[in-house]
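Q: I'd like to learn how to read the sheets in a model like this one. Can we go through it together?

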Amino acid sequence: MTQQHTKNQMDQTKEHACSGDPKRMINPKEEAYVNSHARECMCKGTARSRRANILIIVLAVILVVVMTISFMLGKYPIDPGQVWSLLIAQVVPLDQTWTNYQATIFFGVRLPRLLLAVLVGCALSIAGAAYQGIFQNPLVSPDILGASQGAAFGAALSIMLGASSVGISIGAFIVSMLAVALVIVVSQRARCGRLLGVVLAGIMVSSLFSAAVSFIKLVADPTDQLPQITYWLMGSFTSASMNDVLWVIIPIALGCVVLFLMRWRIDILTMGDDEARTMGVNVGRTRLIIIIAATLVTAASVSVSGIIGWVGLVVPHLARMLVGCDYRKLIPASMLLGSGFLLVVDDVSRLVGTAEIPIGILTAFVGAPFFLYLITRKDRFE
Amino acid sequence: MSLQVDHLSFSYGSHVVLDDISFEVPDGMLVNVLGHNGVGKSTLFRCILGLEDSWTGSITINGKDARSLSIAEYAREMAYIPQTHSSVYAYEVIDVVLMSTTAGLKALAKPGHRQLEFAYECLDRVGIADLADRPYTNISGGEQQLVLIARALAQRAQTIIMDEPTSALDYGNQVRVLSQIKHLAGEGYTIIESTHYPDQAFLFSDRTLVLNDGTILCYGDPKDTITDKVINEVYGVRVSVESLYNDQVRVCVPIDEIEIGGHRGNHCDGDESHHDFQRQVRRKN
């Protein structure tokens, strides 16, 4: 049946090819000529593309709704009208419909925490999606190149040296970037394939820093430093402040803009180095730019939130199920979905139970079963 | 002249793969490269495509020195179709085709409506516009190869390099893909492809280039280049090149495998050695 089908198509092809004016295709300046059949197929195609765009808009709306609801959630009630009034009043003066206490909670506690969850969710998801593309491997997460373990070591070291919370963030960020820089330098000298070299170097550097973290835990003061390190490693937004937000928003925004602009190039890199190059893409340079941008956002988010696993792995796959694997749609979808996902998980983390559950534990609880589902599910197209 | 290769040499470490190779391919020519496994067909293609750096000699593509071309300029002159392609992600067919339009775009630009139209047009030209929204990973091997041909067309390069485009396909798809390639050459594209089947060269090429021991054994009309002597030298198989349909086509017949006048091949002791062989097999079992 399929064979017959193809044969018919080939017969049609012959006609097209024979009737075509020789060299018609070769002149690059010539306008594309599209016959009715191609145009018909194209209309169907653009309709589907439009559906993906609508899904992205829906995701954006959902994110705004989830944010509004998250502002209201907590021991002290703030209703949705007040949420928006409080925000708008920052720009335009409004009649005060809220108590001062509500305003303090809103700006001092909930706003920074929400913004941080949204930023970190967005950052980890976009970095995960980008890495999964450029390494042509759907099982890759943002810490593949050692960013997380590097940050963990930086944070543990800063805690042991008695640094403040800002000091811990800076320490984590710097060591995280250094770890990835080390991976890139080592991989340039690797004798195996460049791509494999990067991944292997990443795994090795990760385990090196992981051993170093264990060593610091061993020698740290068990009464206050050790619990602080352990808690940091679990990941949490508990101590979120406006300073944290201001500190991470620049690197995250910068990295996201670069990745967003490079999203079509990521698509081409998924085809493999040789093909990407023969299609006119400078593979080495493009991949390096994407790695730097993805590392920047990962290091920044890990430095304020601690290690939050699974988001960067799972969210891109969820987004792929919604909008397909085209990075032009996948990158914005991952950003929105990641922000919303981490925000919801953080809401659960701070509301369920009397003591707060570290968000790193919760994301693993959601992530691991989902991952198992992912590798056992039947292909959608079968 | 679409492609001119002068004194091209290439080696992996101390292993010389290509040794002082020179040939030229005129515009609109379909060239078939023959040679045994590992002789350097792929390496030759990689050098021509700019995927290897350490070659010596000179390569001129459509009158331009290969070393002076930027990566994007290279892509505008020459497209590449790999043997098989396993995409990790289930891209839609149209997106795969669209990717090759990037070479004509500015640094951060994405393909727009014009490129999309052109990609559909290219799919339609190889007869698979209906597959445009199917996942690339979910169509047959022959259809995948046609998608890659459409992708090469969408790149608007005049020269197309194909590394064993049909070796993973069944017989029917081989013939369909090769006849598509022949049509493209007839429309003015210069196509250089490698194959393992001398028979295909007779039907589907204007010229045949035979690589052996890192050098060109012969290059020219397939009827002149593919002889029983050449096949024996390259593949170590004794063949008889037979002419069919008033010499419109020729085929290579491995004569050791057929019985001529009661004897296998030209061996006088063919039957005997055959029985010996069977006895050995029986003993092993």
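Q: Which residue takes a positive phi in the hairpin of E9(B) and E10(B)?
A: First, the ground rules. This is a predicted model, where local features need pLDDT of at least 70, side-chain atom pairs count only at pLDDT 80 or more, and totals for chains, interfaces and linings use all residues. Residues are numbered from 1 along each chain as its sequence is written, while chains are lettered from A and ligands numbered from 1 in the order in which they are written. Strands are DSSP runs of E with at least two residues, helices are runs of H or I with at least four, and both are numbered from the N terminus. Now your hairpin: B:Asp213 has the positive phi, near 50°, and two residues sit between the strands.

Q: How do E9(B) and E10(B) pair?
A: Two strands pair if DSSP finds at least two bridges between them. Here E9(B), residues 207–212, meets E10(B) in the antiparallel sense over five bridges. In one of these, B:Asn212 is partnered by B:Thr215 of E10(B).

Q: What is the order of the strands in the six-stranded sheet?
A: Read across the open sheet in chain B and you get E6-E7-E8-E3-E9-E10, with mixed pairing. An edge strand pairs on one side only, and here those are E6(B), 78–81, and E10(B), 215–220. From one strand to the next, the twist averages 15°.

Q: Where is there parallel pairing?
A: Look at E6(B) and E7(B), the latter covering residues 159–162: they run parallel over four bridges. B:Ala79 stands opposite B:Ile160 there. As for side chains, in a regular strand they alternate between the two faces of the sheet.

Q: What about the sheet of four strands?
A: That open sheet of chain B goes E2-E1-E4-E5, with antiparallel pairing. Its edges are E2(B), 15–25, and E5(B), 64–65.

Methods:
Axes are lines fitted to C-alpha atoms, for helices over the stretch in contact, and angles run from 0 to 180 degrees between N-to-C directions.
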